[in-house]
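My entries follow in the order I made them.

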Amino acid sequence: MTDHSDLEPVRAPLPVGAAPRRPTRQVQVEWGGRIVRVGGDAPVVVQSMTNTDTVDAIATAIQVKELAQAGSELVRITVNTPEAAREVPAIREQLDRMGVSVPLVGDFHYNGHKLLGQFPECAQALSKYRINPGNMGGGKKRDDNFAQMIEVACRYEKPVRIGVNWGSLDHELMARMMDDNSKRAQPWDAQAVMRDALVVSAISNARRAEELGLSPNGIVLSCKVSHVQDLITVYRDLSARCDYPLHLGLTEAGMGSKGIVASTAALAVLLQQGIGDTIRISLTPEPGGDRTREVIVAQEILQSMGLRAFTPMVVACPGCGRTSSTVFQELADSIQAYLRRQMPVWKTRYPGVETMNVAVMGCVVNGPGESRHADIGISLPGTGEIPSAPVYIDGERSVTLKGDSIAEEFQLIVEQYVERRYGAGNQ
Ligand code: SF4
């Protein structure tokens, strides 16, 4: 037996999991009877943004529907021109006709005060306004424009996100803070001043919105930057200096694996510390790529961290020289896709199914062990192994599959398991 007597004993079980969420106010974003709660004791909300031209109401409504069906709980659309603002009520109506109740968030820059004032039906059809205080002009004009947007939010009882972005940070504020910095005995570097300015801009604009009459329970804040370490530092600071719910996102995260990895690295650190009430993953889609990818990535971050459950997870080994074919990769892929496809129906028919774990393993080395730990698992034969695939259900070896239709048979076993374990007879 291995001797471990020289190891320092651990005095108590080590804690597992994220820190408790930072206490915040709670904002309600509503459409019809649908209420999405952000902050407080609400789960971290997944949101996304369309990339269609808002003027094309049908294309935008279709994409909003796709994002909502993928699991986006709020969907933001850009409202950048009078033509776009005019189409917002049509988009909302089209969604309502399709039975899609996801609240819409209007993304405003430069001219939001004018558009919200000129198009009251647009102001009404949106459930929340995103305001960027860094691009509303300067001096008194900026203050007036900001006040006009807040006045509309108060009139229609809509919450706002005050979204500061380092690509459009308030120049006057930054200049003032750089001046003040130069008077410090030991001036900070410009990056540190910029990070501080982002936080100061977000919080001071939120306070101004409150002075103008907006409820503090109607304000969400964000301070987006495009570098992971800056984002973590900014949000730690922001979370310590206010109790507004926070929208997390790494802006301009990028394409493909770079965007996913950078977003995950930044958001996971913050979420682990209990910081963040709603997330958006700003992925650049591949040409012709699927916009819903950003929703799936957001869900996978939250589910991998054990913060929420959306769809059954498939554990699959990476494969190695012991796997003689691509059968197990294909099976892992097809089962994950199958489970995701079923979820729109399963989530109401089989409550709790989203927490199910499925293992698809490539050989006998870790296959039976990992499969036993899953709710349901299959261990496929590796090179030189007997061509059979034992299936494990709730930790016990069940049937052994053989032949060319292992994938179909395994899918059927998963379906039967879901019905048995999560079906109405079991509630
Ligand atoms: S379970 Fe088998 S096939 Fe999969 S990585 Fe491990 S050794 Fe390789």
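This is a predicted model: local features need pLDDT of at least 70, side-chain atom pairs count only at pLDDT 80 or more; totals for chains, interfaces and linings use all residues.

Domain bounds here come from an automatic or database domain assignment.

**Overall layout.** I looked up the domains of the protein chain and found domain 1 (26-305) and domain 2 (313-422). Their centres, taken over C-alpha atoms, are separated by 39 Å. The C-alpha trace spans about 80 × 65 × 40 Å along its principal axes. I listed 13 helices and 17 strands. Of the 427 residues in the chain, 50% are buried.

**Largest pocket.** Which domains supply the lining of the largest pocket? Domain 1 and domain 2 each give at least three residues to it. I noted a volume of about 690 Å³. The lining holds 31 residues, and Ala70, Gly71, Ile296, Gln299 and Arg340 lie nearest the centre. I then checked the elements. At least two lining residues come from each of α1 (57-70), α9 (256-272), β12 (283-284), α10 (293-304) and α11 (327-349). Helix α11 provides the largest share, 5 residues. By class I recorded 12 charged, 10 nonpolar and 9 polar residues in this lining.

**Second largest pocket.** I went on to the second largest pocket, which has about 370 Å³ of space. It is lined by 22 residues, with Met49, Arg76, Thr251, Glu252 and Arg280 closest to the centre. Strand β7 (residues 160-165) contributes the largest share of this lining, 3 residues.

**Cavity.** The largest cavity has a volume of about 30 Å³. I wrote down its lining: Phe108, His109, Tyr110, Asn111, Gly112, His113, Asn132, Asn135, Met136 and Met149. These divide into 6 polar, 4 nonpolar and no charged residues.

**Aromatic pairs.** I counted 3 aromatic pairs in the structure. In one of them, the ring centres of Phe108 and Tyr129 are 6.1 Å apart and the planes stand at 85°, so I logged the pair as edge-to-face. Phe108 sits in strand β5 (residues 104-108) and Tyr129 in strand β6 (residues 128-131), so the pair ties together parts 21 residues apart in sequence. Both Phe108 and Tyr129 are buried.

I looked next at Tyr338 and Trp346. Their ring centres are 5.8 Å apart with planes at 85°, so this pair is edge-to-face too. Tyr338 and Trp346 are both buried. Ring pairs join Tyr338, Trp346 and Tyr350 into a cluster.

**Pro312.** I followed Tyr350 to Pro312. The two are 38 residues apart along the chain, and 12 Å separate their C-alpha atoms. Pro312 belongs to the loop between α10 and β13 (313-316). Is Pro312 buried or exposed? Its relative accessible area is 0%, so I logged Pro312 as buried.

**Positive phi.** Most residues other than glycine have a negative phi. I noted two residues that depart from this. Tyr110 has a positive phi, near 65°. Tyr110 lies in the loop between β5 and α3 (112-118). With 61% relative accessibility, Tyr110 counts as exposed.

Asp394 is not a glycine either, and its phi is positive at about 50°. I located Asp394 in the loop between β16 (389-393) and β17 (396-401). Asp394 has a relative accessible area of 46%, so I logged it as partly exposed.

Conventions. Residues are numbered from 1 along each chain as its sequence is written. Side-chain values use heavy atoms; hydrogens and water are left out. On a 1 Å grid over the protein atoms alone, a cavity is a set of points where a 1.4 Å probe fits but cannot get out, and a pocket is an open set with protein on both sides within 12 Å along at least five of seven lines; lining residues have an atom within 4 Å of a point. Grid points are joined across faces, edges and corners, and a volume is the space filled by probe spheres set on the points. Helices (H or I, at least four residues) and strands (E, at least two) are DSSP runs, numbered from the N terminus. Ala, Val, Leu, Ile, Met, Phe, Trp, Tyr, Cys and Pro count as nonpolar, Asp, Glu, Lys and Arg as charged, and the others, Gly among them, as polar. Rings of Phe, Tyr and Trp (its six-membered ring) pair if their centres lie within 6.5 Å; planes under 30 degrees apart count as stacked, over 60 as edge-to-face and the rest as tilted. Buried means under 20% relative accessible area, exposed over 50%, partly exposed in between (1.4 Å probe, protein chains only).
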